[in-house]
Every structure is written in structure tokens, then in C-alpha cells.
Amino acid sequence: MSLMDKMVVWSLPFVPKPIVGFFSRNYIAGSTLDDAIRVVRDLNKLGIMATLDLLGEEVSELEEAEKAAAFYRTILERIDTEKLDANVSVKPTQMGLKVDPEACYRNIKSIIEQAKGFNNFVRIDMEDHTVTTDTIEMFLRLKKEFEGHVGTVLQSYLRRTSADVRRMVEHKANIRLCKGIYNEPRAVAYKQMPIINENFKYGLEKLLEGGCYVGIATHDEILVWHGIKTVEELGLKKDQYEFQMLLGVDEKLRDIIVKAGHRLRVYVPFGKDWYPYSTRRLKENPKMAGYVFKAIFGIEKH
Ligand code: FDA
């Protein structure tokens, strides 16, 4: 990251919310379920699947978590009524993990029960390293009861991930593999991108060889290429893996993957709690965040 990019990332917390909102609108489907459904319908028309994410993270009251779980059940109902090709992604801390782990388990279970009723699927997103173990244990507990209807995520920046990959292979789990987005300490996470990328490739090969269904979640074209190479070498069928990308990121690459005949799913976040998600996306893309910075400080665009 250049010095300018670092400055941009550092200054983001001081940027007024409406400006962050303006520049992150491409990454978010809107604030209502109707907005999200419209976006999913358009993606489906292009032959692209979706996963719906109700924005919101760490809750401090169980009531909030229960409300969010109820809303997820409504989302699943709506996906079914509208006959959309979409599933949902949920965050454990939004479901109350840090307030009461058992209540969180019950909340997520209620969503998966609903998904099972509609023959659909719930992905448990992975948050920062303080909840990795709890998330994996909860996933494995739910998987026993809801085989085929639940999956989780592994992050290639974590030092523990190769061990987690082995465990997921033992369970033939459905895994989304991504690099990881949280700002983790060096003690638990690799900080050098070449290592994170090699660990992504290593994990992907082991998961696919081990018979896991993998959501290959990246916009990094080298890793996409590596994914295609690996599935070809293993002779996998199109329904044994999928690529995944975030809404609003590198649509050209997205179209190339779809045209090549691979299944692709777009992560569609929506809802009123858009701010933490937006700042994470803008930090990932300092070029975009640079426009925010320039708008704030009145620097002209080139
Ligand atoms: P990398 O960051 O190297 O980017 C590759 C290319 O894509 C670069 O050219 C870059 O400019 C471009 N790019 C990346 N992000 C961009 C952006 N926001 N705007 C514009 N261009 C961008 N993380 C996590 O910790 N837990 C999770 O559960 C998930 N879930 C998840 C689901 C899905 C479907 C995806 C695609 C990603 C996640 N992530 C995640 C986020 C993931 O960990 C990672 O931070 C981002 O995908 C960026 O990493 P890339 O692999 O794309 O590589």
C-alpha cells in the first residue's frame, strides 16, 4: 500500500457518514429487502446466483439478535416465494455470539431450520479471530443436524487455517474460502500477501481434493486461475464448487468466469447498518477511498 493509500485508509473514520455512503453505494444493494430482491433478480437473469447478507454486526442485546434472526427467516421465505436462486449468509456476532453463545446457536438454528424447509442453505460468515473457534464448533454442531443446509468460511490469512482445512476435510464440509478481511495481530495472521495467497492455494487444493464443496471467494485473478486449474486437474463437475464475488467488485472478471461456464455467486449485502461493511470495502480499495478523501479535502480529481 502506498503512503497515500495508507493515509486514505487512516483518515476514513473521520469521513462524514453520508460521503462514505455515497462512495459505497455500489457495494450495497440498498436499505430494504425489496432493494435486495431486485438486485438478486437482476443477477439471476445473468445466470448468477446470490447470497443475501442482512448488514449488522456485534449486537449487545439478545433482543436485537432475535429480531435479526426473524428477519433472516423472512428473507428465506421471500427467496422461496420469488423463486430466486439465492441463499443467505449470517454473522454469528449479529446472532448474539458475544452475548450468549447458546442463544446465538438457537438463533442460527432457527434460520437453518427455515432454510431446510425451503431446501435452501445458510452460510455462517467468519468474523475476527476471537470468534473463529466458537464459529467452527457451532458450525460442526449444526452440520450434524442439518447436513447439506449449512456451511462456513475459512480465511487464508490465519495461521491456524491449514489445521482447520484438515478438520473440514474430515467432515466433508461446505466451505467458502477467502483471504480474510479483519485487521488481525501478526501472532495469529500472516501479514505478507504472497504467503496469504499461497495459503489460499494450499487450502483450496486440500479442500477440493478432500471432497469438500468450495465457494472460491476472491477477485484476485491469479487465485481464480488457480481455482480453475485445480478443478480441471481434479476433473470436478460444475456442481462440485462455485466462485464467489462481492457485489460491485470487478464485474468484468465476474462475467468472464460466468461465460467460461462456472457457477458464480454474488454476495449481496443490504440493510440499514451499512457503515462498518462500507468502511471495510473502502479500506480494501484505497483507490475508491481516495475519491472520498479528495471529495472531503476538496482535492481535484485527475
Ligand atoms: P485482493 O484483496 O488481493 O483483491 C484482488 C483484486 O480485487 C484487486 O485488484 C483489488 O483491487 C480488487 N478488489 C478487492 N476488493 C475490492 C473492493 N472492495 N473494491 C474494488 N476492488 C476490490 N472475509 C472474511 O473475513 N469473512 C468472510 O466471511 C468473508 N466473506 C466473503 C464472501 C465473499 C463472496 C467474498 C468475495 C469475500 C468475502 N470476504 C470475507 C472478504 C475477503 O476475505 C477479502 O477481504 C476480499 O475478498 C478481498 O480479497 P481478494 O481475494 O479479492 O483479493
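Tutor: Helices (H or I, at least four residues) and strands (E, at least two) are DSSP runs, numbered from the N terminus. Bear in mind that this is a predicted model, where local features need pLDDT of at least 70 and side-chain atom pairs count only at pLDDT 80 or more, while totals for chains, interfaces and linings use all residues. Residue numbers start from 1 along each chain as its sequence is written, and side-chain values use heavy atoms, with hydrogens and water left out.

Now the shell itself. The ligand is surrounded by 23 residues, each with a heavy atom within 4 Å of it. The closest are K179, G180, T218, H219 and E284. At least two shell residues come from each of strand 4 (150–155), strand 5 (174–178), strand 7 (241–246) and helix 11 (275–284). The top contributor is strand 7, with three residues.

On to polar contacts (N or O pairs within 3.5 Å). K179 puts a side-chain N or O atom 2.7 Å from a ligand oxygen. Q155 also uses an N or O atom of its side chain, 2.9 Å from an oxygen of the ligand. M126 works through its backbone: a polar atom there is 2.8 Å from a ligand nitrogen. As for cover, the ligand on its own has 930 Å² of accessible area (Shrake-Rupley, 1.4 Å probe), and the protein covers 82% of that.

The ligand sits in the largest pocket. "Sits" asks for more than half of its atoms within 2 Å of the pocket's grid points. A pocket is an open set of points on a 1 Å grid over the protein atoms alone, with protein on both sides within 12 Å along at least five of seven lines.

R186 and L158 are 28 residues apart in sequence, with their C-alpha atoms 9.3 Å apart in space.

Last, the cysteines. The whole structure has zero disulfides, taken as cysteine sulfur pairs within 2.5 Å. For C178, the nearest cysteine sulfur is that of C212, 15 Å away. C178 counts as buried because its relative accessibility is 18%; C212 is buried too, at 3%.

Terms used
Buried < 20%, exposed > 50% of the residue type's maximum accessible area, 1.4 Å probe, protein only. Polar contact = N/O pair within 3.5 Å; in protein donor to acceptor, adjacent residues only side chain to side chain. 1 Å grid on protein atoms, 1.4 Å probe; cavity = no way out; pocket = protein on both sides within 12 Å on 5 of 7 lines; lining within 4 Å.
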